[in-house]
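Subject: Handing over the structure

Hello,

I am passing on the structure we spoke about, and below it you will find my notes on what turned up. Please read them with the structure open beside you.

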Amino acid sequence: MATTAFKVIIVGGGPVGLTAAHALSRAGIDFTLLERRDSVVIDAGSNIVLSPQGLRALAQLGVSAELNKYSEELDLINRIDHNGRNLGEMHWFSIIRDLFGKLPQVISRHDLTSVLYGGLSSEAKAKLLTNKKLTNVESTLTGVTVSCEDGTSYSGRLLIGADGAHSSVRQFMRTLALEAGSDQVNAERPFLTTYRCLWIRFPADASPELKPGFTSETHGPGAATQLFLGDRTGVTGVYERLDEPTTERMRYTQKDQEECIRKWGFLPLIKGGSFTLREAYEKSLATGMVSLEEGVVDHWSWGGRIVLVGDAAHKFTPSTGAGCNHGIGDVAALANVLNNTLTSTNGSPSEDQMAKALREYRDLRYHATRGACAGASRATGSATWATGVHRFIDTWVLWFEFVQRRMLSPKGKGSKAVADSPIFNYIPAEEPFKGKREWTYPMPRKTAKA
């Protein structure tokens, strides 16, 4: 474990940024986290599905017991079409449990950030600074200095951008690369938007037919919905295909939400249509409309000084629930590389050594995130019947459980991708989940005392 004077600045206090705070704390690496809002725990955003690979890494951070208090396990997925007719049940989650020993869990963003924040030591919590909107990033002789709107500035050896799909860190990284004449420059708008989403959080008792853990999807031409129900609230999202894909950043208003409900409010959320999207909207506790950007940036770091994690580096549609889990995987891979590099250099890596370490991190994660992005895109295309082939497969092929099990077989590529997910190689822990498929990276064991 590396205990060094090496200083890291994290920008972004969401689930991925807070996971990074845990990871650096456990490695003995000093950090400051800057969050632009007035709190890292806010009642905003849609719910998050944590899969076994994400839960496994979080278990190493000692937050599993609290996570279990505020989340619900997901099992059978009920599928219907736009008329409320049965399309067959999906057994993905139970197949995943058979393979890896754990069902996915759904949790609100508020509760996840609350659990992650609460799990930090008082010393680490003191390093989380709010109301810090980034205004500039400057490359210095010893690393980077970031400036904030309130006139404060912070210096460190490494800047981690965990600030989402519209990452300010990524934009400043691009500017610095251009100014340096580098040929490793990301596109100004690297993500493509083909769908937009209206998400709705509503009370769990909004319909008597809904029970905690209930999961459903509505599929059909042009739009699809997903619904996950927790103990206290449920969340549903309608994924609407745009007329034309765009790389432009879109901002939506209350009027856009209302127009979406006028168009798609009839969509049934459960078999028979007794609870619709419009009813969920009318009973909502919170709503929002966002673009569903897709893509993986080419360059994840610059100059051994700046690196991207989570949605700042890659963005998926939410159909497979992969986004946060891969963000956690990014943090694990990056933390492992940093810890190894600092340990091997006695805490004083050169710029070249840092650049090499960050390239290694990117190489570890790039193909996994590309595959996950493509998989999420296929799932959304299938659910919205983007083509006749999508409709046929969604309606007639995926109906059968044996087909689903064949697609996620113990020796297949899909299960291998899950098994290959990184964990923190410097945090000893007992294996929390065991199934038919072994994890590629076993949990580190405590070193026996002499």
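How much accessible surface does the protein have, and what percentage of it belongs to carbon and sulfur atoms? The accessible surface comes to about 19800 Å², and 50% of that belongs to carbon and sulfur atoms. Please keep in mind throughout that this is a predicted model.

Taken along the principal axes, the box filled by the C-alpha atoms is roughly 65 × 55 × 40 Å, and 56% of the 450 residues count as buried. If we take the contacts between residues at least 6 apart in sequence, 72% of them join residues at least 24 apart.

The next part concerns the aromatic rings, of which the structure holds six pairs. One of them is formed by Phe100 and Trp439, a tilted pair with 4.8 Å from centre to centre and 40° between the planes. This pair links distant parts of the chain, since Phe100 belongs to helix H4 (residues 92–100) while Trp439 lies in the segment after helix H14 (413–419), 339 residues away. Why do we call Phe100 buried? Its relative accessible area is 1%, and because buried means under 20%, Phe100 falls in that class; Trp439, at 10% relative accessibility, counts as buried too. Another pair joins Phe400 and Phe402, whose ring centres are 5.8 Å apart and whose planes meet at 40°, so this pair is tilted. Here Phe400 is partly exposed, at 41% relative accessibility, whereas Phe402 is exposed, at 61%.

Just after H4 comes Gly101, which takes a positive phi of about 80°.

Finally, there are charged side chains placed over aromatic rings: Lys125 lies over the face of Tyr117, at 4.9 Å from the ring centre, and Arg362 lies over the face of Tyr366, at 3.8 Å from the ring centre.

Terms used
Residues numbered from 1 in each chain as written. Predicted model: local features only at pLDDT ≥ 70, side-chain atom pairs only at ≥ 80, totals over all residues. Heavy atoms only, no water. Phe/Tyr/Trp six-rings, centres within 6.5 Å; stacked < 30°, edge-to-face > 60°. Helix = DSSP H or I, 4+ residues; strand = E, 2+ residues; numbered from the N terminus. Buried < 20%, exposed > 50% of the residue type's maximum accessible area, 1.4 Å probe, protein only. Lys NZ or Arg CZ within 6 Å of the ring centre and 35° of its normal. Contact = heavy atoms within 4.5 Å. Areas by Shrake-Rupley, 256 points an atom, 1.4 Å probe, with all protein chains shown as cover.
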